[in-house]
Amino acid sequence: MKQKLFVTLILCLWLPVAYAAGNLNLLPWPQQVDWTKQTFSGKDISLSLAGNTGQMVTGWLQESNININPASKKVFRVTLVENLPEATINQDEAYKLQVSSQGIAIEATTEQGVYRAIQTLRQLTEKKGGRSFVTGCKIIDWPAFRIRGFMQDVGRTYIPMEELKREIAKLAQYKINVFHWHLTENQSWRLESKIFPMLNDSIHTTRMPGKYYTLEEAKELVEFCKRHQVLLIPEFDMPGHSAAFVSTFRHDMQSPEGMKILKLLIEEVCETFDVPYLHIGTDEVQFTNPQFVPEMVAFVRSKGKKVISWNPGWHYQPGEIDMIHMWSYRGKLQKGIPTIDSRFHYLNHFDTFADLRGLFMSNIYRHTEGSNDMAGVILAIWNDRWVQPEEKIINENIFYPNMLTIAERSWRGGGYEYFDKYGTNMPPRNSEEYKAFTEFEQRLLWHKEHNFRGYPFPYVKQTDIKWRITDAFPNNGDMGSVFPPETELQDSYTYEGKTYGTNDSEGAGIYLRHVWGNTIPCFYKDPQEDHTAYAWTWVHSPKDQEVGAWIEFQNYGRSEMDLAPPQGQWDYKGSRVWLNDKEIPPPVWTATHKEKSNEVLLGNENCVGREPTKVHLQKGWNKVFMKLPVGKFRLPEVRLVKWMFTFVFVTPDGEKAVDGLIYSPDKKR
């Protein structure tokens, strides 16, 4: 990668800045890329196209203001070939792309591969004065994993069709190729049934009644996905997560009566969805009928569909299921059964910054590329907690930044760990891993600025933010206990006969202990309850200025019914923060209920769910100091305590990090 980037930088010196600016920011980065001195630009072009690729090509031409002219000497050529020997895996999505001053050439084994090439071509195209310029290159590219997807849980929280299409279309540009549609839940059966219309009756829906998708809408979405070369995987969870079904029919799915009804529904579903797979769930349920799952798998297969099932769930042997989908740390890859990884890929538990680092660093379930058994990865959003409007679901889950991160990792392959080396910690500054993340972050933010205007994209640069954090002092359950760092900042402290040191960390978000405990490494190797930590840095500002700050000490999961903090406090731990020795008060929390409930809308608990905190930076050095106590790791008000902090100065609108700041615990410029 380093050599490729060096060559890229050298060659870019020969290209006009206007149309060389984008090529360093390809995302995902191709497997092989060589830049040339040539650039394509023209008002018209002739076509030589194989297969049904005309719409893909003409779509790009229209975007680029290039006319089709059969007499033009410049040619856009698409060739479908038997194979691409350079592509070592997943040839059906592989492609060659060559751009010269005389035209553009794509080779692929399938139209799907052509589509992937067009997405790369889009990123190579720069517009200036109504004219398009394409950076000259020779690219050979293929995906490391054949499944690269995302899941929306519309069973709990309905998301309008237009929003789903918007997400699918946007992510297809980054070679995401699977949309997992979780359609049924305890709260609702979100797909219309014409044979059992009472299933969609509001009386059987406990959240957002009357909101469901018609069969025609489902067919329309399947076709929409096909046009964007995305595989739609519908999920109908059985026999658990089925309270809406039971409410309607008064029969458990595992009962003889329930199975008869369910088979009729499956027939309707299979007729509606012109897709190869049906996901049947089987998770988080007590099996009372040992014949239920085998019989349902056989029935779905008899309708011409392959079957996917959660793991943990039913215990399958090879041949008894077509694919398993690991949903928790207890999920295991089984030899002989293709597997999708979602073990640590629940965006509803991710914080804003640290978990994205972990996602980038990690490989796909300890595989650097796919195999017959390792199919790929799906990032999932579960909305146990009611989150509205749908834009907030996207924003709170840091959806697009995380999806672009997994688009990079699952296409490129590789990775340095499986959430078990650095975890969510920033790698050491002089490491290859740190350099790789820094380079990726630069590309990520380029795409935010150029391709995501109008989309929720709550991420700003964090690779320049440095902290000094103390060893944790024992507070014996008293969150208000005062320790030496509150008096003086030092590299080490002596307290009650013991020495407490400090260590440095980087990033806008730091986990002292992860939401999943010690399973994922964090700042403290062995965090203990009833302790207090301190973190600080100095921030140099080139001028006096009013800015915003993203601040939080407990990122509230979108699948938890946790209570908002007490008014006047940042959290239930007693966290506090000072800027230039003046304490920054918490916001006024919008949620004021005292009884835990998933049906009370998530409010402004998370920093990206509210306006940035307004603060003043003085010219020169500014001191940021935080007190970070923790009591028990589970509280009556908060099920999963995150011992963590998020702090970064942003523009008042929260769109960007503040320019020109230097974060240094040692006041080094």
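**Reading the packing and the sheets**

Author: The buried residues of α10 pack against β16 (374-381), α12 (399-412), α13 (432-451), β20 (498-506) and β21. Contact here means heavy atoms within 4.5 Å, and buried means under 20% relative accessible area, exposed over 50% and partly exposed in between, with a 1.4 Å probe and protein chains only. The model is predicted: local features need pLDDT of at least 70, side-chain atom pairs count only at pLDDT 80 or more, and totals for chains, interfaces and linings use all residues. Residues are numbered from 1 along each chain as its sequence is written, and side-chain values use heavy atoms, with hydrogens and water left out.

Reader: How many residues of helix α10 are buried?

Author: In α10 (residues 354-361), 8 of the 8 residues are buried, so the helix is largely enclosed by the rest of the structure. Among them are Asp355, Arg357 and Phe360. Helices (H or I, at least four residues) and strands (E, at least two) are DSSP runs, numbered from the N terminus.

Reader: At what angle do helices α3 and α4 pack?

Author: Axes are lines fitted to C-alpha atoms, for helices over the stretch in contact, and angles run from 0 to 180 degrees between N-to-C directions. Helix α3 (residues 54-63) packs on helix α4 (residues 111-124) at about 10 degrees, with the axes 10 Å apart. That makes α3 roughly parallel to α4; the class covers angles under 35 degrees, while over 145 is roughly antiparallel, 65 to 115 roughly perpendicular and the rest oblique. Met56, Val57, Trp60 and Glu63 in α3 meet residues of α4 including Val114, Ile118 and Arg122.

Reader: In what order do the strands of the barrel close?

Author: Strands of a sheet pair through backbone hydrogen bonds, either parallel or antiparallel. Two strands count as paired if DSSP finds at least two bridges between them. Here 8 strands close into a barrel in the order β9-β10-β11-β12-β13-β14-β15-β16, with parallel pairing. The twist averages 30 degrees from one strand to the next. Strands β10 (residues 178-182) and β11 (residues 231-238) run parallel and are joined by 5 bridges; Trp181 stands opposite Pro234 in β11.

Reader: Which strands stand at the edges of the open sheet?

Author: The open sheet has 4 strands in the order β21-β28-β23-β26, paired antiparallel. Its edges are β21 (509-513) and β26 (613-617), each with a single partner strand, so one side of each is left without a neighbour in the sheet. The twist averages 25 degrees from one strand to the next.
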